[in-house]
Amino acid sequence: TRDAGSTSVSIECVDGQGRLRAGHVTMGGAPDLLPYASDPALPALSRQLTGRLVVHRAGRRAVVMEASRVRKIVRPHKAASLVRAHTTAASVLRVTGLRTPRILGNGDDVVDLELLPGRSLDELGDAGLPGWKRFTEAWSLLGDREADLPVHGPRQEAQVLQRWLASARRCGLIDQQDLLHEQVVDTCLSLTEASGVHVITHRDLHDGQLLWDGTDLSLLDLDTAAMAEAALDLGNLWAHADLMAVRGRIGPEAHARVRGLLDDLARALPVTEQRLETYYRSSALRLVFVHAFRPAAPVAADLGAPLPGRRLPLHVPGPHQRLERLMTPLKLTVIGCGYLGAVHAAAMAHLGHHVLGIDTRPEQVEALSQGRAPFYEPGLPELLVTGAQQGDLRFTSTPTPAELAEADVHFIAVGTPQSATG
């Protein structure tokens, strides 16, 4: 999580004794962890736990799994709003037939929820296909129902991405930050240029929130529910299904079936293909951020060393392509490296792409390869040198057939022939 306006980021990790710990880390610094099961902002959290601490977001919330209930611990005076959102969402969701946890009790800063049976669809992998089918059948019954819930519109979603971007840049956890910035800006513009019908949404809907016991499907964490575009939940599910495939949690055939089920669900809800693609891209970006700050494997924190981070190459996919493929930068050729082509090649390399510049003039190729601009363009020599040093920018007069065939995109920047008549 991010602390707005702060240079620190909230973290969770597992210490040397296998205990979940929460704290903060600043750029280049060592993690500052709270004592186990302790948090000044969460006075209801105590070392005398009667269950297993499974979530602890420093200063925000904690979740304890007990034998017959799930206890959510929040800041003082925050439990009432959680109960209100949960109750409202559960009432509307009755039409779907999905099972939701009953509230067993609550206080000023504690909410106790029923412990439901089943395993998450993420954990089940291929065996969870019947649960996916049950979900899509149930969710299609929601239609365009409304509820008295907070609004999470395109502007709010764009703000989430912008906060993640600011934190990622501040902490230096992600490679190719210029490319990342480009993707976030493009997605935020797409989000805010239009808006669809607002319906009831979960807002954090993914495979980990859905429990399947072979008969019934349960939906967790209703307190995040909001009025938003249907594409918000669908895009999130699409991105998580792709992530499951990338991480090997689900096989190719099962993955294709899940995507087919989600396609069918999209046709039953008030959503357009364009909005679904936009929200998919937003969800994919958020997943990149989340896994940069929170690596997939638990982190055994060395309290004397900087927090280990995952540096991820970035390129965000469209709705029917796998994250693994499109999180890799493109291979580009620029044919013709004069004042237009050379600048374009250097700029694309600066954004993180792998660029091969092609020109028939050996002296032009030699100059560019040595970081010398044959014409005046502010900043170009620096980009040429940096691109060459990072291995992202090369120039040649004799490209091989393989180099041309491997390119994802060819840019042609040659001179336009002129004659006396035009």
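Visitor: Is arginine 249 buried, partly exposed or exposed?
Guide: In this predicted model, arginine 249 counts as partly exposed, because its relative accessibility is 35%.

Visitor: And which residue does the side chain of arginine 249 meet in a salt bridge?
Guide: The partner is aspartate 122, with an N to O distance of 2.6 Å. The pair links distant parts of the chain, since arginine 249 sits in the loop between helix 6 and helix 7, while aspartate 122 belongs to helix 2 (residues 121–124), 127 residues apart.

Visitor: How many salt bridges does the structure hold?
Guide: There are 22 salt bridges in the structure, and Glu66, Arg69, Arg71 and Asp112 are linked in a network of them.

Visitor: Switching to the nonpolar side, how many residues does the largest core have?
Guide: The largest nonpolar core has 46 residues, and those with the most contacts inside it are Phe135, Trp139 and Leu219. Helix 6 (residues 230–246) supplies the largest share of this core, nine residues.

Visitor: Which residues does phenylalanine 135 touch?
Guide: Leaving aside residues up to four places away in sequence, phenylalanine 135 touches Leu98, Leu205, Leu210, Leu217, Leu237 and Leu265. A second, separate core has 17 residues, among them Ala158, Leu161, Val184 and Val290.

Visitor: Now strands: where is valine 55 found?
Guide: Valine 55 lies in strand 4 (residues 52–57), and this residue is buried, because its relative accessible area is 17%, below the 20% cut-off. Not counting residues up to four places away in sequence, valine 55 touches Glu12, Leu20, Arg61, Ala62 and Val63. The C-alpha atoms of valine 55 and glutamate 12 are 8.1 Å apart, although the two residues are 43 apart in sequence.

Visitor: And in what sense do strand 7 and strand 8 pair?
Guide: Strand 7 (residues 103–106) and strand 8 (residues 110–114) pair in the antiparallel sense over three bridges, and a hairpin of three residues joins them.

How values were computed: Residues are numbered from 1 along each chain as its sequence is written. This is a predicted model: local features need pLDDT of at least 70, side-chain atom pairs count only at pLDDT 80 or more; totals for chains, interfaces and linings use all residues. Side-chain values use heavy atoms; hydrogens and water are left out. A nonpolar core is a set of buried Ala, Val, Leu, Ile, Met, Phe, Trp, Tyr and Cys residues joined through side-chain atoms within 4.5 Å. Buried means under 20% relative accessible area, exposed over 50%, partly exposed in between (1.4 Å probe, protein chains only). Helices (H or I, at least four residues) and strands (E, at least two) are DSSP runs, numbered from the N terminus. Contact means heavy atoms within 4.5 Å. Two strands pair if DSSP finds at least two bridges between them. A salt bridge is a side-chain nitrogen of Lys or Arg within 4 Å of a carboxyl oxygen of Asp or Glu.
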